[in-house]
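Here is a colleague's note, written as numbered points. Please read it with the structure open beside you.

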Amino acid sequence: MTNRDYAQVRNTIAALCDGETDSISKMATISCELYQALDGFDWVGFYRVVEPELLKIGPYQGGHGCLVIPFDKGVCGACAKTKTTQIVDDVDAFPGHIACSSTTRSEIVLPVFENDKLIAVLDIDSDKPSDFDEHDRDALEEILAASF
């Protein structure tokens, strides 16, 4: 696991999103900044809640993502269903993992709330096993809470 320095990224995202009210604009900015500024992130993006129990691809950085993910499929679905952050050290060991990329080895997925309502999940993939920990979770949850 890495010990990524989120302080500068958090400040940059706060400055870029200051005063912005459109959630999709914020998602685009956050995914871009996280992807560009932090090492080890192979894919960073949002899946938006578009109807009950259904996520669709939102703004992202990296290769193509899955277009549609039901709440009962994969790590993103588990995050949306439970409304809790999911850290997966080995995606191949996760029951029902959806392989959007064959290079993904570990993943962190965080719920995104706006006015106490789940609006999306933030999905971050790495090609290294066990690449995410509580440090990542805490920092990313803080960024999301301050942004939405």
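1. Which residues are buried in helix 1? They are Val-9, Ile-13 and Cys-17, where buried means under 20% relative accessible area, exposed over 50% and partly exposed in between (1.4 Å probe, protein chains only). These three cover an arc of only 50° around the axis, which puts them on the same side of helix 1; the arc is that of the directions from the helix axis to the C-beta atoms. An α-helix has 3.6 residues a turn, so residues three or four places apart point the same way. The face turned away from the buried side of helix 1 carries the exposed residues Gln-8 and Ala-15.

2. Some notes on the basis of these values. This is a predicted model, in which local features need pLDDT of at least 70 and side-chain atom pairs count only at pLDDT 80 or more, while totals for chains, interfaces and linings use all residues. Residues are numbered from 1 along each chain as its sequence is written, and side-chain values use heavy atoms, with hydrogens and water left out. Helices (H or I, at least four residues) and strands (E, at least two) are DSSP runs, numbered from the N terminus.

3. The cover over the buried residues of helix 1 includes helix 2 and helix 4, with contact meaning heavy atoms within 4.5 Å. After helix 1 comes Gly-19, with a positive phi near 85°.

4. Helix 2 has 15 residues and reaches 21 Å from its first C-alpha to its last, close to the 21 Å expected at 1.5 Å a residue; the expected span is 1.5 Å times one less than the number of residues. Its buried residues are Ser-23, Lys-26, Met-27, Ile-30, Ser-31, Glu-33 and Leu-34. They cover an arc of only 170° around the axis, which puts them on the same side of helix 2. The buried residues of helix 2 pack against helix 1, strand 1, strand 2, strand 5, strand 6 and helix 4.

5. Tyr-35 also lies in helix 2, but is partly exposed, with a relative accessible area of 27%. Leaving aside residues up to four places away in sequence, Tyr-35 touches Phe-41, Asp-42, Trp-43, Val-44, Gln-61 and Gly-62. Tyr-35 and Gly-45 are 10 residues apart in sequence and 8.8 Å apart in space, C-alpha to C-alpha.

6. In what order do the strands of the open sheet lie? The order of the 6 strands is 3-2-1-6-5-4, with antiparallel pairing; two strands pair if DSSP finds at least two bridges between them. Strand 3 (68-70) and strand 4 (86-88) are the edge strands, each pairing on one side only. The twist averages 25° from one strand to the next. Axes here are lines fitted to C-alpha atoms, for helices over the stretch in contact, and angles run from 0 to 180 degrees between N-to-C directions.

7. Strand 5 and strand 6 run antiparallel and are joined by 9 bridges, and Pro-111 stands opposite Val-121 in strand 6. Helix 2 packs on the sheet, touching strand 1, strand 2, strand 5 and strand 6, and its direction makes about 160° with that of strand 1. Helix 3 (residues 74-82) packs on the sheet as well, with a direction at about 35° to that of strand 5.

8. Strand 1 pairs with strand 6 in the antiparallel sense over 6 bridges, and 6 bridges also join strand 1 to strand 2 (residues 54-61), again antiparallel. Val-44 shows both pairings: its bridge partner in strand 6 is Ile-124, and in strand 2 Val-44 stands opposite Gln-61.

9. Strand 1 and strand 2 form a hairpin with 2 residues between them. Glu-53 in the turn has a positive phi of about 65° and is partly exposed, with a relative accessible area of 45%. Asn-115, in the loop between strand 5 and strand 6, has a positive phi of about 55° although it is not a glycine. At 75% relative accessibility, Asn-115 counts as exposed.

10. Which residues touch the most other members of the largest nonpolar core? Of its 24 residues, they are Leu-34, Phe-41, Phe-46, Val-112, Leu-122, Ile-124 and Phe-148. A nonpolar core is a set of buried Ala, Val, Leu, Ile, Met, Phe, Trp, Tyr and Cys residues joined through side-chain atoms within 4.5 Å. A second, separate core of 18 residues includes Trp-43, Phe-71, Ala-80 and Val-88.
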